Amino acid sequence: MVRDNGSRSKNPPVLKAIVIGGGIGGLTCARACLDQGIKVELYEKRDFDSMLSGPGGIFIQQNAMRVYELLWGGSIHTHLYEQGGKILKGGFFDHKGTLLYLNSPSFVQENDLGVCILRPELQKILYNSLPEGTVQNNSELVDFEETTEGIRALFKDGRVAIGDLLIGADGLYSKVRARLNGKEKQESPIYSGMCCWRGTFLASNLPLDKRYSWGEFWGCGDRFGYFHVGGDRFSFYAFRNTEAGGSDHLAGGAKKVLKSMFSHYTEPIPAIIESLDEEMIYRDDIFDRDPPGVQWGKNRVTLIGDAAHPVQPNLGQGGCMAIEDSFELVKQLVISENRCKDIPSQLRRFEQSRSQRLEKIFTASRQIGKLGQTDTIIGCFLRNWIYRLTPTWLGDLQFKWLFDYQPKSQF
Ligand SMILES: Cc1cc2nc3c(=O)[nH]c(=O)nc-3n(C[C@H](O)[C@H](O)[C@H](O)COP(=O)(O)OP(=O)(O)OC[C@H]3O[C@@H](n4cnc5c(N)ncnc54)[C@H](O)[C@@H]3O)c2cc1C
C-alpha cells in the first residue's frame, strides 16, 4: 500500500472515513484506510452471519490480488492462496466439449491468474483483517447530511455517525447513491436478459478434466462453468436467457431445471449437476447499470464497487473493480497536502482516475455476455467457428489488458 514519505506534511490531520456496506468493496476499503492511518467505521445493514455468507465462489484475478499483496502486510493475499484454488489453465468449450479457446497464465507472465475462493471464506478473511469493533452490523443507512466540518450518516434505528467523508460501498441498490441523487430509492438496474444459478460441489468421483482448473461450456442461449476453489471443492455457475423474475419452484426445483437444461452437454456437466445439493443452489437475475462517467459522488461522498458501477459477471471482474477502487480511493486521500480540506477534490480525482478502466470493463463484460449467450443456431455456429480458428495469442489479447493494472504509486 502507499506509504506516506513524510516530505509533504509531518503530521497530516487524522481523517475519519465512514464506510457503508460490508461486502468485498467495503471491507477491503476499510482495511486500505487503516493501513494508511485513516480512522474508519464500517456500517452494514445485515447481521453478522449473513454478511459472511454468499453463493458459490468468486474469481479474484491477478489485478485485484496485487492490491491484496499490498494490504495488511500481504496477509490477505497469503490467506487467499492458502484457502482458495489458483486460477491455472482453463478455457471455453462448446457444449460437446470441443475446445474453443485455451487460456494459460503464461500469457501475462504469471504463474497463475489469481485465486478462486468461496464467497463466505473471502468475506471472513476480509472481516478478520479488521480490528474488532470496526464493523457494526444491523446498521442500515437511511440518509446522510453534510455539515461545515464533515458528514453525518443517519441510520434506521436513529443512530448517527460523524466523519470526514462517506464511502458508499452498499451495492447494486445503493442507498448512498440514491440519496446523492435526492431519491429515496434507486431506479431499477438494467436487466441483462439472463439469470444465473450458482453453487458448490465436491470433485471426488466426478469426471473432471484434471488439466484444467476452470472451464466454461457454451451452448445456445445457455452456458455452464465451473472452477476450483481449493481442496476438493469446486464452484459452478450456469446462465440462461430468460425473463426477469423467474423461479424454479413450479418446475420442480433448481436441480431438476438444470438437469433438463444441460442434459445434452458433454460430461462432466450432467455429472456435476447430478451431484448438487438442491438446498445449495442459488438463482439470481443478472443486472448492470450504465457506466457512471467521470464523476459520481458529491462533496465529501463517493461510491465504490457495485454502488457506482455494477457490471455483468461475464469477466469475473465486478468484485475485482471494488478492490481496485478501494486502493485508488485511499491513494488519492493520502496524497493530499491538506487531507481534511481537500477531500472533495481528492474524491473527484479518484472518480476521474477510475472512469476509463471501468467503462472498458463494462463494455467487455457485456460483449462476452452477448457472445456466451448467443441463442440462434447460425449465431452459435459462427461464434464457435471463429473462436476455434482464432489463434490463442489473438484470443489472449481480449483479456490481457485486464491484468495490466499495477497498484503502485509514483510518490
Ligand atoms: C453470478 C455472479 C458472479 C460473479 N462473479 C464474480 C467473480 O468471479 N469475480 C468478481 O470479481 N466479481 C464477480 N461478481 C461481481 C461481484 O459479486 C460484485 O461486483 C461484488 O460483490 C460487489 O461488491 P460490493 O462490495 O461493491 O457490493 P456488495 O457485495 O453488494 O455489498 C454491499 C453491502 O452493502 C450492504 N448494504 C446495502 N445497503 C445498505 C445500507 N443502506 N446500509 C448499510 N449496508 C447496506 C449490503 O448488505 C452488502 O453487504 C459476480 C457477480 C454475480 C452476480
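**Figure 1. Strand 1 and strand 12 run parallel and are joined by four bridges.** The view, taken from a predicted model, shows strand 1, residues 16-20, beside strand 12. I18 has L166 of strand 12 as its bridge partner. Strand 12 also runs parallel to strand 18, residues 301-303, and three bridges join these two. Here G168 stands opposite L303 of strand 18.

**Figure 2. Strand 12, residues 165-168, is covered on both faces.** In a regular strand, side chains alternate between the two faces of the sheet. On one side of strand 12 lie L165 and I167, and on the other lie L166 and G168; all four are buried.

**Figure 3. Three strands form an open sheet in the order 3-7-4.** Strands of a sheet pair through backbone hydrogen bonds, either parallel or antiparallel. In this sheet the pairing is antiparallel. Strand 3 (57-61) and strand 4 (85-86) are the edge strands, each pairing on one side only. Helix 5, residues 119-128, packs on the sheet and touches strand 3 and strand 7. The direction of helix 5 makes about 105° with that of strand 7. Two bridges hold the antiparallel pair of strand 4 and strand 7, the latter covering residues 114-118. Within this pair, G85 is placed opposite C116 of strand 7.

**Figure 4. The shell around the ligand draws on helices and strands.** There are 35 residues around the ligand, and those that come nearest are G21, G23, G171, G305 and G318. At least two residues of the shell come from each of helix 1 (24-35), strand 3, strand 13 (190-202), strand 17 (282-288) and helix 9 (318-334). Helix 9 supplies four residues, the largest share. By type, the shell divides into 15 nonpolar, 11 polar and nine charged residues.

**Figure 5. A cis peptide bond links E267 to P268.** The omega angle of this bond is near 15°. P268 sits in the loop between helix 7, residues 254-261, and helix 8, residues 269-275.

**Figure 6. N205 has a positive phi without being a glycine.** The phi value of N205 is near 65°. N205 belongs to the loop that lies between strand 13 and strand 14, the latter covering residues 214-218. N205 counts as exposed because 8 other C-beta atoms lie within 10 Å, and the cut-off for exposed is 12 or fewer.

**Figure 7. N299 also has a positive phi, though it is not a glycine.** For N299 the angle is about 45°. The residue is found in the loop between strand 17 and strand 18. N299 counts as partly exposed because it has 14 C-beta neighbours inside 10 Å, a count that falls between the limits of 12 for exposed and 20 for buried.

**Figure 8. The whole protein, for orientation, has 12 helices and 18 strands.** The C-alpha trace spans about 65 × 45 × 35 Å along its principal axes. The radius of gyration is 22 Å, which agrees with the value near 22 Å for a compact globule of 411 residues. Of the 411 residues, 47% are buried. Among contacts with a separation of 6 or more, 74% join residues 24 or more positions apart.

Methods:
Residues numbered from 1 in each chain as written. Predicted model: local features only at pLDDT ≥ 70, side-chain atom pairs only at ≥ 80, totals over all residues. Rg over C-alpha atoms; globule rule 2.2 N^0.38 Å. Contact = placed C-beta atoms within 7 Å. Pairing = 2+ DSSP bridges. Axes fitted to C-alpha atoms, helices over the stretch in contact; angles between N-to-C directions. Near = placed C-beta within 6 Å. Nonpolar A, V, L, I, M, F, W, Y, C, P; charged D, E, K, R; others polar.
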